[in-house]
Amino acid sequence: MNIAVIGTGYVGLVAGSCFAESGNDVWCVDNDAAKVENLKNGIIPIYEPGLPEIVQRNIREERLTFTTDLEAAVKKSFVIFVAVGTPPQPNGAADLSAVFSVAAAIGRAMDRYKVIVVKSTVPVGTSEKIREILKKETTQPFDLMSNPEFLKQGAAVDDFMKPDRVVVGADDIRAAEILRDLYAPFVRTGSPVLIVDVRTAEMLKYAANAFLAARISFMNEIANLCERVGANVDMIRKGLASDSRIGPAFLFPGVGFGGSCFPKDIRALIDTGRQHQYEMKILEAAAAVNSEQASLFVDKIRKHFRGELSNKRIGVWGLAFKPRTNDMRDAPSVKIIEGLLAEGATVIAYDPEAMDEAKKIFDGRIQLVGSNYGCVEGADALLIVTEWQAFRNPNFERMKGMMRQPVIFDGRNIYDPIPLRQLGFTYYSVGR
Ligand SMILES: NC(=O)c1ccc[n+]([C@@H]2O[C@H](COP(=O)([O-])OP(=O)(O)OC[C@H]3O[C@@H](n4cnc5c(N)ncnc54)[C@H](O)[C@@H]3O)[C@@H](O)[C@H]2O)c1
């Protein structure tokens, strides 16, 4: 099949290269000319395990082409995916301007029947607006479908290649069969392809993210209370996880969730509720718990140092919003570091992949060092903010010798408190 993917970010690049990997001819379109130029040379702008190999192989084998020419890509393609960003507006509603402008451009470029598929996360009813835009721009026939994406950054290629399910929102069952064929190579082990109406598909994506975000906020709230009553959230988590009605995923307390999806998608769903005179009470609470979680962590640090952070040197391990990505959009690290800087602390930070992103965000206001131990030298405290695998088993003896004060604030509960205290560390974590 000839496919165009418009928007070559975390979702579009993964989808486009995985479709190429399964034998299709794919044109990945982006309006960021520098990004396209790099991709043409096999330079990947994001860190995503397994992605460079697939991109480079499919460029080499001439199934994957990067371009800024949307019109040409649309003309060559039968199926066109829209995967541009839908960032939050100040009031929480999704900003759909990129989706709508791409829809208009697709309409103008259409020269025959096309299948247009919205992969961006968009509020319920958006596809109907896109249909109107397309109809204004073209008299050519088309089918419009919704195909929300469920990949997780950090495991995006695996998730795309082996999805738990594929959701196709279609008002025409024959059009849905086109997507079923396209996804057939990825669901050979029996994952379902759920064919639903377009509005249900749009809603399903938000429901999934909102549920996962609510689970994390629920556990953070339980952890916060554990701290106050002297219970251990680790054992509570294990007890909950072994209940077959609950299960183990997304029960880890910490410094709050971040990233480009959960925070924005909850806010957009709350906004959709508001537009339909319905208050999303659980999600309002999940968002409120989350926005406080990073500040509670900073409070803990402030309290330890009796409110005096101005002469303190604080090391930070982990800046990306989660491990195995370089993405710092809405990362808790940003809130925490801004909180420390506002108190006058000196921050020295390291992340295995997000250093370039951090440079852009902090612009010289923090020191970035080339190794995790570099943050520890002379530090009054070390914070664990992102649970990268490489941070799980460090040389604590060496660290203790390097630090001005052996204090660790573990925002991800990756260490066992007992041996750390035996080694002489003052150790804080979340809910333990
Ligand atoms: N990141 C995730 O894990 C994830 C998972 C599932 C769904 N989603 C959803 O997928 C969508 C894309 O997310 P993302 O993280 O890939 O975003 P992103 O910001 O990484 O990528 C968007 C890309 O679109 C390009 N773009 C913007 N306007 C354009 C235009 N007019 N023409 C051509 N290209 C244009 C940008 O240059 C950018 O490269 C969002 O709606 C998001 O909510 C994201």
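This is a predicted model: local features need pLDDT of at least 70, side-chain atom pairs count only at pLDDT 80 or more; totals for chains, interfaces and linings use all residues.

1. The ligand has 27 residues around it, and the closest are Asp30, Lys35, Thr86, Gln153 and Lys264. By residue type, this shell divides into 9 nonpolar, 11 polar and 7 charged.

2. Polar distances at the ligand. An N or O atom in the side chain of Asp30 is 2.6 Å from an oxygen atom of the ligand. Two further distances involve the backbone: a polar backbone atom of Val11 is 2.8 Å from a ligand oxygen, and for Tyr10 the corresponding distance is 3.0 Å. On its own the ligand has 830 Å² of accessible area, of which the protein covers 86%.

3. Elements around the ligand. Two or more residues of the shell come from each of helix H1 (10–21) and helix H5 (97–109). Which element gives the most to the shell? This is H5, with 3 residues.

4. The open sheet. Six strands form an open sheet with parallel pairing, in the order E11-E10-E9-E12-E13-E14. E11 and strand E14 (426–428) are the edge strands, each pairing on one side only. As background, strands of a sheet pair through backbone hydrogen bonds, in a parallel or an antiparallel sense.

5. Strands E9 and E10. How much of strand E9 (residues 313–317) is buried? The strand is mostly covered, with 4 of its 5 residues buried. E9 is joined to strand E10 (residues 346–350) by 5 bridges in the parallel sense. Within this pair, Val316 stands opposite Ala349 in E10.

6. Strands E13 and E14. Strand E13 (residues 407–410) runs parallel to E14, and 3 bridges join them. Phe409 has Tyr428 in E14 as its bridge partner. In the segment after E14 comes Ser429, which counts as buried because its relative accessibility is 6%, under the 20% cut-off. The side chain of Ser429 makes a polar contact of 3.0 Å with the side chain of Arg432.

7. Helix H8. Which residues of helix H8 (residues 173–183) are buried? They are Ala175, Ala176, Ile178, Leu179, Leu182 and Tyr183. Seen down the axis of H8, these buried residues fall within an arc of 145°, so they line one face of the helix. The general rule behind such a pattern is that an α-helix has 3.6 residues a turn, so residues three or four places apart point the same way. On the other side of H8, the residues Ile173, Arg174 and Asp181 are exposed.

8. The start of H8. Here a side-chain oxygen of Asp172 comes to within 2.7 Å of the backbone nitrogen of Arg174. Arg174 is also one of the exposed residues of H8.

9. Two loop residues with positive phi. Glu62 has a phi near 60°, a positive value in a residue other than glycine. Glu62 sits in the loop between helix H3 (51–60) and strand E3 (64–67). Is Glu62 buried or exposed? It is exposed, because its relative accessible area is 66%, over the 50% cut-off. Asp363, also not a glycine, has a positive phi near 45°. Asp363 belongs to the loop between helix H14 (355–362) and strand E11 (367–368). With a relative accessible area of 64%, Asp363 is exposed.

10. Asn147, a buried loop residue. Asn147 is in the loop between strand E6 (142–146) and helix H7 (156–161). Its relative accessible area is 1%, so Asn147 is buried. A polar atom of the Asn147 side chain lies 2.9 Å from the backbone oxygen of Val167.

11. Ala4 in strand E1. Ala4 is part of strand E1 (residues 2–6). Ala4 counts as buried because its relative accessibility is 0%. How far apart are Ala4 and Cys28 in space, C-alpha to C-alpha? The distance is 5.9 Å, while in sequence Ala4 and Cys28 are 24 residues apart.

Definitions and conventions. Residues are numbered from 1 along each chain as its sequence is written. Side-chain values use heavy atoms; hydrogens and water are left out. Buried means under 20% relative accessible area, exposed over 50%, partly exposed in between (1.4 Å probe, protein chains only). The arc is that of the directions from the helix axis to the C-beta atoms. A polar contact is a pair of N or O atoms within 3.5 Å; within protein, one must be able to donate a hydrogen and the other to accept it, and residues adjacent in sequence count only if both atoms are side-chain atoms. A residue is near a molecule or strand if one of its heavy atoms lies within 4 Å of it. Accessible areas come from the Shrake-Rupley method with a 1.4 Å probe; for residues, only the protein chains shown count as cover. Ala, Val, Leu, Ile, Met, Phe, Trp, Tyr, Cys and Pro count as nonpolar, Asp, Glu, Lys and Arg as charged, and the others, Gly among them, as polar. Two strands pair if DSSP finds at least two bridges between them.
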